[in-house]
Amino acid sequence: MASAQRAFQAQAFASMKPIPVFLSHTHDIVSDPRTDDIVSWSKDGKTFIVWKPEEFVKLLPKTLHLFTQPFASFVNELNVYGFTHYGSGNAEGDYFEFGQDGFQKGRPKLMYFIRQKQNFGRYRH
């Protein structure tokens, strides 16, 4: 029974669309412990926090084509994929916290289930 379930799961993942490059790059950057002073996972791993937006955008690959306002473009791209903005700023300075059910620490396979919002697709190239 367990092997049949594994075979079903393998077939289900094989038939899924690939994870968008934007999401996989972002997950890699957030998961890298060397960047924790710039961007890191929240304590529960269900959201991530950008501590230093100006430095964070320098970590993003040029292939993501983030335009003249790179952090604003990054936030817009998060919105396309249904991320929620949970907060900005505290007594120690500015930060930006974002989350999406399919984007969690240590669970990259959840990203297979993230799709662009329907109303965004028509206007993108």
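Glutamine 104 counts as buried, because its relative accessibility is 12% and the cut-off for a buried residue is under 20%. In this predicted model, glutamine 104 sits in the loop that runs between strand E4 and helix H5 (118–121). Residues up to four places away in sequence aside, glutamine 104 touches His27, Trp41, Gly45, Lys46 and Leu110.

**Overall architecture**

The chain is built from five helices and four strands. Read from the N terminus, these elements follow the order α-α-β-β-α-α-β-β-α. Of the 125 residues, 36% count as buried. Among contacts between residues at least 6 apart in sequence, 52% join residues at least 24 apart.

**The E1–E2 hairpin**

Strands E1 and E2 pair in the antiparallel sense over three bridges. Tryptophan 41 has phenylalanine 48 of E2 as its bridge partner. Five residues lie between the strands of this hairpin, and glycine 45 there takes a positive phi near 75°.

Serine 42 is placed in the loop between E1 and E2. With a relative accessible area of 12%, serine 42 is buried. Its side chain is joined to that of aspartate 44 by a polar contact of 2.7 Å. Neighbours within four places in sequence left aside, serine 42 is in contact with Thr47, Phe48, Ile49 and Glu97.

In a regular strand, side chains alternate between the two faces of the sheet. Strand E2 shows Thr47 and Ile49 pointing one way and Phe48 and Val50 pointing the other, with all of them buried.

**Aromatic pairs around phenylalanine 48**

A search of the whole structure finds twelve aromatic pairs. The rings of phenylalanine 48 and phenylalanine 83 form an edge-to-face pair, because their planes stand at 75° with the centres 6.3 Å apart. Phenylalanine 48 belongs to strand E2 (residues 47–50) and phenylalanine 83 to the loop between helix H4 (70–80) and strand E3 (84–90), so this pair ties together parts that are 35 residues apart in sequence.

Phenylalanine 48 also pairs with phenylalanine 98; this pair is tilted, at 5.6 Å centre to centre and 40° between the planes. Here the link runs from strand E2 to strand E4 (residues 93–99), across 50 residues.

What is the relative accessibility of phenylalanine 48, and does that value make the residue buried or exposed? At 1%, phenylalanine 48 counts as buried.

| Residue | Relative accessibility |
|---|---|
| Phenylalanine 48 | 1% |
| Phenylalanine 83 | 5% |
| Phenylalanine 98 | 2% |

A further aromatic cluster is formed by Phe22, Phe56, Phe71, Phe74, Tyr81 and Phe96.

In soluble globular proteins, nonpolar side chains tend to be buried together. The largest nonpolar core of this chain has 23 residues, of which Phe48, Phe56, Phe71, Phe74, Phe83 and Phe98 touch the most other members. The elements that give two or more residues to this core are helix H2 (21–31), strand E1 (39–41), E2, helix H3 (53–59) and H4. Helix H4 provides the largest share, five residues.

The buried residues of H4 are Phe71, Ser73, Phe74, Val75, Glu77, Leu78 and Val80. Phe71 and Phe74 of this list also belong to the aromatic cluster. Just after H4, glycine 82 takes a positive phi of about 80°.

**Tyrosine 95 in strand E4**

Tyrosine 95 is found in strand E4. The relative accessibility of tyrosine 95 is 16%, so this residue counts as buried. The C-alpha atoms of tyrosine 95 and tryptophan 51 are separated by 4.6 Å, while the two residues are 44 apart along the chain.

Definitions and conventions. Residues are numbered from 1 along each chain as its sequence is written. This is a predicted model: local features need pLDDT of at least 70, side-chain atom pairs count only at pLDDT 80 or more; totals for chains, interfaces and linings use all residues. Side-chain values use heavy atoms; hydrogens and water are left out. Rings of Phe, Tyr and Trp (its six-membered ring) pair if their centres lie within 6.5 Å; planes under 30 degrees apart count as stacked, over 60 as edge-to-face and the rest as tilted. Buried means under 20% relative accessible area, exposed over 50%, partly exposed in between (1.4 Å probe, protein chains only). A nonpolar core is a set of buried Ala, Val, Leu, Ile, Met, Phe, Trp, Tyr and Cys residues joined through side-chain atoms within 4.5 Å. Two strands pair if DSSP finds at least two bridges between them. Contact means heavy atoms within 4.5 Å. A polar contact is a pair of N or O atoms within 3.5 Å; within protein, one must be able to donate a hydrogen and the other to accept it, and residues adjacent in sequence count only if both atoms are side-chain atoms.
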